[in-house]
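Subject: Structure handover

Hello,

Here is the structure I promised to pass on. Please open it alongside this note.

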Amino acid sequence: MLNRPYDGPLCRAFRGDLARVLVWFEHYQNEVVSRAGLRLVCAKGCRYCCFHWPEDVYSFEGEIAARTIVEQSPERVNEIAAAFRDDEREMERLDEIMGRKLGESTEGAQLSEEDRVELLLASYYRLERPCALLNPDGTCSIYSVRPLSCRIYLNFSDPFFCVPDHVDESDVRTYLLDLEEEASELLDLLHERFVRYKGITGLRPLLARLLESR
Ligand code: SF4
């Protein structure tokens, strides 16, 4: 894909190639899970993953998701963009509160950037703000083109433990099964080719901008 001359991320050739990558990713996840002897309990209609703040969304995934929303639900585009903007403001508010609180203690001030981001994402998850693309029946309205960041959450214990209040409990077996680093690096290069909003890689802020600019 890195060497093919696509007419942008929305062209048929690009979308076809990306769909094949997603199929390989699904095979990869299934293989890892089955070789580990684990049993996945994730099922259609379970919506807890969609309280998360998916980060590291690729530019081309955002473009395809935005186009799908516009084609599928033109009457909801403004409402969805506004909901994502609200989420973004909420995240900024949380970040500011957290920065203040952490600054008040020595341990907090010494937290690494990585731990700080993890804490912020976990705090956002606890707010239980569903993604605006979630259907009332708990399914994703853009399921076939949802980003990789939405596909990495896996649970091997009771789905009950995905409720944000329980996610830190010790017997909870929820995992993030992401791409291998080499594959991520290749997709990062592809991302750079199509990026329109530099530095915006959160699903919600990215889609807000793409939908507003349609
Ligand atoms: S895009 Fe779909 S899978 Fe991803 S958070 Fe939103 S509703 Fe959930």
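Helix α2 (residues 59–72) packs against helix α7 (residues 181–194) at an angle of about 60 degrees, and their axes are 7 Å apart. That makes α2 oblique to α7. Angles under 35 degrees count as roughly parallel, over 145 as roughly antiparallel, 65 to 115 as roughly perpendicular, and the rest as oblique. The axes are lines fitted to C-alpha atoms, for helices over the stretch in contact, and angles run from 0 to 180 degrees between N-to-C directions. Helices (H or I, at least four residues) and strands (E, at least two) are DSSP runs, numbered from the N terminus.

Two notes on the source. This is a predicted model, where local features need pLDDT of at least 70, side-chain atom pairs count only at pLDDT 80 or more, and totals for chains, interfaces and linings use all residues. Residues are numbered from 1 along each chain as its sequence is written.

Back to the helix pair. On the α2 side, Ser 59, Phe 60 and Glu 63 meet Leu 190, His 191 and Phe 194 of α7. Contact here means C-beta atoms, placed from the backbone, within 7 Å. By class, this contact has three nonpolar, two polar and one charged residues. Ala, Val, Leu, Ile, Met, Phe, Trp, Tyr, Cys and Pro count as nonpolar, Asp, Glu, Lys and Arg as charged, and the others, Gly among them, as polar.

Next, the core. The largest nonpolar core has 27 residues. Such a core is a set of buried Ala, Val, Leu, Ile, Met, Phe, Trp, Tyr and Cys residues joined through C-beta atoms within 7 Å. Buried means 20 or more other C-beta atoms within 10 Å of a residue's own, exposed means 12 or fewer, and partly exposed is in between. Ala 66, Ile 80, Phe 84, Leu 207 and Leu 211 have the most contacts inside the core. Two or more residues each come from α1 (12–35), α2, α3 (77–103) and α8 (203–212). The largest share, six residues, is from α8.

Helix α8 is mostly covered, with eight of its ten residues buried. Those buried residues pack against α2, α3 and α6 (148–151). Take Leu 211: leaving aside neighbours within four places in sequence, it is in contact with Ala 66, Ile 69, Val 77, Ile 80 and Ala 81.

Now the ligand. Around it sit Cys 50, Pro 54, Cys 131, Leu 133, Leu 134, Cys 140, Ile 142, Arg 146 and Cys 150. The shell has eight nonpolar, no polar and one charged residues.

Two loop residues deserve a look. Asp 56 lies between α1 and α2. Its phi is positive, about 60 degrees, although it is not a glycine. Glu 128 is found in the loop between α5 (113–126) and α6. Phi of Glu 128 is near 55 degrees, also a positive value in a residue other than glycine. Glu 128 counts as exposed, with 12 C-beta neighbours inside 10 Å.

Last, Met 98 in helix α3. Met 98 counts as partly exposed, with 17 C-beta neighbours inside 10 Å. Leaving aside its neighbours within four places in sequence, Met 98 is in contact with Leu 119, Leu 120 and Ser 123.

Best wishes

Methods
Two residues are in contact if their C-beta atoms, placed from the backbone, lie within 7 Å. A residue is near a molecule or strand if its C-beta atom, placed from the backbone, lies within 6 Å of it.
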